[in-house]
Amino acid sequence: MQYILYLLVYPILWSISILPFPILYLLSDFVFVIVYRIIGYRKKVVRENMSLALTHLSYEERLIIEEKFYRHLCDMFLEMIKTMTISKDEICKRYVFNNYEVYAELEKQDKSVAIMCAHYASYEWVVSMNYYTKFQGYGIYKKIKNPYFDKLVHSIRSKYNASLITTKETIPTIITNHRNKKLSVYGFASDQSPKEGAAHHWAKFMGIEVPVHTGAEMLSKKYNMNIVFLKTKKVKRGFYQATIEVLTENANLVPNYEITDQFLKLVEKQIIEAPEFYLWTHKRWKHKR
């Protein structure tokens, strides 16, 4: 049944991926009406999240942001599909690194690098960074239940010389690469909610105390990795700029959880600047004190 579903859906995805961008965004406008106006996809979750995190805004102001968010969400979903066939020149034109030299200097230290980023703006097109890195790139993701779509995602990422590893594969992969002295760069989307019982650290995020992922920090300490924050800004529809900020080059000298707390503050700053580009559909504040 899963294979049949894949056979039915794949031609649709491929057909969408070859659309010129102007037509792609016309399709996005149509999808927005269905997702937001008709279905109301996760609208309750979005409103609950915004009411918790954006207390400085009125209800009317949050509704304006809500609509902008859904428009961006539909754009991003179709941009993800576009990744199937987008050319190197096109994606590098649309996802630009403002200060890539900052990262390039870190590679000269012969230490692996952990990239901490949020589910903000275009976190999918970050994969284009692998066109520039000398190190092998690894993206950490949650495995898709349908094995055929999971394989499709892997094949797309392989275009960018990136390897996908599941959360369960992360530690074994880092251990093996460290043992074999294989310098690598690992992408951690560290802003989502861990299981409450598995949390090692709680911190304030948008004024609410929540459990947070600390894996990027702790693995960097254990395996002597540099840590950077990747900030993505949406310039206009279909165009993004990324800025790299070094969090530490000596993780073991920083008190435990301080790097994670610093990361959260940087994500908060992004959200406050332009909240419509954060992924409000996820239950980030489902566990709170």
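The model is predicted, so local features need pLDDT of at least 70, side-chain atom pairs count only at pLDDT 80 or more, and totals for chains, interfaces and linings use all residues. Residues are numbered from 1 along each chain as its sequence is written, and side-chain values use heavy atoms, with hydrogens and water left out.

Aromatic contacts were examined with a ring-centre criterion. Rings of Phe, Tyr and Trp (the six-membered ring of Trp) pair if their centres lie within 6.5 Å; planes under 30 degrees apart count as stacked, over 60 as edge-to-face, and the rest as tilted. The count under this rule is 20 aromatic pairs. One of them is edge-to-face: Phe-21 and Trp-125 lie 6.4 Å apart, centre to centre, with 85 degrees between the planes. This pair links distant parts of the chain. Phe-21 belongs to helix H2 (residues 21–39), Trp-125 to the loop between S2 and strand S3 (136–141), and 104 residues separate them. Helices (H or I, at least four residues) and strands (E, at least two) are DSSP runs, numbered from the N terminus. Phe-21 and Trp-125 are each buried. Buried means under 20% relative accessible area, exposed over 50%, and partly exposed in between (1.4 Å probe, protein chains only).

A second pair is stacked, because the ring centres of Phe-205 and Trp-285 are 5.6 Å apart and the planes meet at 10 degrees. Phe-205 lies in strand S6 (residues 202–205) and Trp-285 in the segment after H10, so the pair ties together parts 80 residues apart in sequence. Phe-205 and Trp-285 are both buried.

Ring pairs join Phe-21, Tyr-25, Tyr-95, Phe-97, Tyr-100, Tyr-103, Trp-125, Tyr-132 and Tyr-240 into a cluster. Two charged ends sit over the ring of Phe-21: that of Lys-82 at 5.1 Å from the ring centre, and that of Arg-94 at 3.5 Å. The criterion places NZ of Lys or CZ of Arg within 6 Å of the ring centre and within 35 degrees of the ring normal.

A salt bridge is a side-chain nitrogen of Lys or Arg within 4 Å of a carboxyl oxygen of Asp or Glu. The whole structure holds eleven salt bridges. Arg-94 meets Glu-90 at 2.6 Å, N to O. The two are four residues apart in helix H5, so about one helical turn separates them. Arg-94 is buried, with a relative accessible area of 8%. Glu-90 counts as partly exposed because its relative accessibility is 22%. Glu-90 also bridges to Lys-93, with the closest N and O atoms 3.6 Å apart. Lys-93 and Glu-90 both lie in helix H5 (residues 88–94), three residues apart, about one turn of the helix. Lys-93 is partly exposed, at 47% relative accessibility.

Another salt bridge joins Arg-289 and Glu-209, with 3.5 Å between the closest N and O atoms. This one spans distant parts of the chain: Arg-289 is in the segment after H10, Glu-209 in strand S7 (residues 208–211), and they are 80 residues apart. Arg-289 is exposed at 61% relative accessibility. Glu-209 is partly exposed at 28%. Elsewhere, Asp-29, Asp-75, Lys-234 and Arg-237 form a network of salt bridges.

Helix H9 (residues 215–222) has Ala-216, Glu-217, Leu-219, Ser-220 and Lys-221 as its buried residues. Their cover includes strand S2 (113–117), helix H8 (167–179), strand S5 (184–189), strand S8 (226–236) and helix H10 (258–273). Contact here means heavy atoms within 4.5 Å. Asn-224 follows H9 and has a positive phi, near 55 degrees.

On a 1 Å grid over the protein atoms alone, a pocket is an open set with protein on both sides within 12 Å along at least five of seven lines, a cavity is a set of points where a 1.4 Å probe fits but cannot get out, and lining residues have an atom within 4 Å of a point. Grid points are joined across faces, edges and corners, and a volume is the space filled by probe spheres set on the points. The second largest pocket has a volume of about 180 Å³. Of its 13 lining residues, Ser-112, His-178, Leu-183, Tyr-223 and Asn-224 are the closest to its centre. H8 gives the most to this lining, with three residues.

The search found one cavity of 30 Å³ or more. The largest cavity holds about 40 Å³ of space. Its lining consists of Cys-117, Ala-118, Tyr-120, Ser-122, Tyr-123, Val-126, Leu-230, Thr-232 and Gln-270.
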